[in-house]
Amino acid sequence: MSFLSKVISGCCPNCEQEKMFKTNGNPFILKMPVMNKSCSKCGYVYERETGFFFGAMYISYGLTCAEMIAVFVLGLLFNISFMNMFIIILFIAFALSTINYKLARIIWLNIFYKKM
Ligand SMILES: [Zn+2]
């Protein structure tokens, strides 16, 4: 499996049989996604050390910036006023926050995954 397909599937990087997250979360009811501690199929522990996912914040920051820039460019193309664009960007950043959270952790884990 390629890196991109592993990230999109969101499965355990070791056996690729079980999803890493129990729930998806929903920002509109303030529910964060819940991650499994380890894979139930192969026993791979996701959080390898305390604070392992701290670095995923950088990935999340990059994803959020990319989304904001994409919305900004679309706003320029459709000639939307800057105030409306600002509100749309805030809404998009809020709506995609849980997706970015999950994606950042999955990417971070797959970056540092080593086949045992
Ligand atoms: Zn597994």
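These notebook entries record what I looked up in a predicted model of a single chain.

**Entry 1. Overall layout**

I began with the secondary structure and found that the chain comes to four helices and two strands. Read from the N terminus on, the elements run α-β-β-α-α-α. I then looked up the extent of the chain: its C-alpha atoms fill a box of roughly 50 × 30 × 25 Å, taken along the principal axes. The chain has 116 residues, and buried residues make up 36% of them. I also looked up how far apart in sequence the contacting residues lie. Among contacts between residues at least 6 apart in sequence, 59% join residues at least 24 apart.

**Entry 2. Helix H2 against helix H4**

I turned next to the packing of helices. Two packed helices are described by the angle between their axes and the distance between the axes. For H2 (residues 56–77) and H4 (residues 97–111), I noted that the axes come within 8 Å and cross at roughly 130 degrees. H2 is therefore oblique to H4. The crossing of the two helices is right-handed.

I listed the residues that make this contact. From H2 they are Ala 56, Ile 59, Ser 60, Leu 63, Thr 64 and Glu 67, and from H4 they are Asn 100, Leu 103, Ala 104, Arg 105, Ile 107, Trp 108 and Ile 111. Sorted by class, the contact of H2 with H4 has eight nonpolar, three polar and two charged residues.

**Entry 3. Helix H2 against helix H3**

I then examined H2 with H3, which spans residues 82–95. The axes of H2 and H3 come within 10 Å and cross at roughly 150 degrees. Here too I recorded the handedness: H2 passes H3 in a right-handed crossing.

On the H2 side I found Thr 64, Met 68, Val 71, Phe 72, Gly 75 and Leu 76, which meet Phe 82, Met 85, Ile 88, Ile 89, Ile 92 and Ala 93 in H3.

**Entry 4. The largest nonpolar core**

Which residues of the largest nonpolar core touch the most other members? Of its 18 residues, I found these to be Met 20, Met 35, Tyr 44, Tyr 46, Phe 53, Trp 108 and Leu 109. The elements that give two or more residues to this core are H2 and H4. H4 gives the most, with five residues.

Setting aside residues up to four places away in sequence, Leu 109 touches Pro 13, Met 20, Tyr 44, Tyr 46, Phe 52 and Phe 53.

Is Lys 6 buried or exposed? Lys 6 has its place in helix H1, and it counts as buried because its relative accessible area is 15%, under the 20% limit. Not counting residues up to four places away in sequence, I found that Lys 6 touches Met 1, Cys 11, Pro 13, Glu 16, Ile 106, Asn 110 and Tyr 113.

I then compared Gln 17, which is 11 residues from Lys 6 along the chain, with 11 Å between the C-alpha atoms. Gln 17 sits in the loop between helix H1 (3–9) and strand E1 (21–23). At 55% relative accessibility, Gln 17 counts as exposed, since the limit is over 50%. Leaving aside neighbours within four places in sequence, Gln 17 is in contact with Cys 11 and Lys 41. Gln 17 and Lys 41 are 24 residues apart in sequence, yet 7.2 Å apart in space, C-alpha to C-alpha.

**Entry 5. Two positive phi values**

Finally, I looked up backbone angles. Most residues other than glycine have a negative phi. Leu 30 has a positive phi, near 55 degrees. Leu 30 lies in the loop between E1 and strand E2 (34–35), and at 73% relative accessibility it counts as exposed.

I found a positive phi at Asn 79 as well, near 55 degrees. Asn 79 belongs to the loop between H2 and H3. Its relative accessibility is 72%, so Asn 79 counts as exposed.

Note on methods. Residues are numbered from 1 along each chain as its sequence is written. This is a predicted model: local features need pLDDT of at least 70, side-chain atom pairs count only at pLDDT 80 or more; totals for chains, interfaces and linings use all residues. Side-chain values use heavy atoms; hydrogens and water are left out. Axes are lines fitted to C-alpha atoms, for helices over the stretch in contact, and angles run from 0 to 180 degrees between N-to-C directions. Angles under 35 degrees count as roughly parallel, over 145 as roughly antiparallel, 65 to 115 as roughly perpendicular and the rest as oblique. A crossing is left-handed if the near helix is turned anticlockwise from the far one by less than a right angle, and right-handed if clockwise. Contact means heavy atoms within 4.5 Å. Ala, Val, Leu, Ile, Met, Phe, Trp, Tyr, Cys and Pro count as nonpolar, Asp, Glu, Lys and Arg as charged, and the others, Gly among them, as polar. A nonpolar core is a set of buried Ala, Val, Leu, Ile, Met, Phe, Trp, Tyr and Cys residues joined through side-chain atoms within 4.5 Å. Buried means under 20% relative accessible area, exposed over 50%, partly exposed in between (1.4 Å probe, protein chains only).
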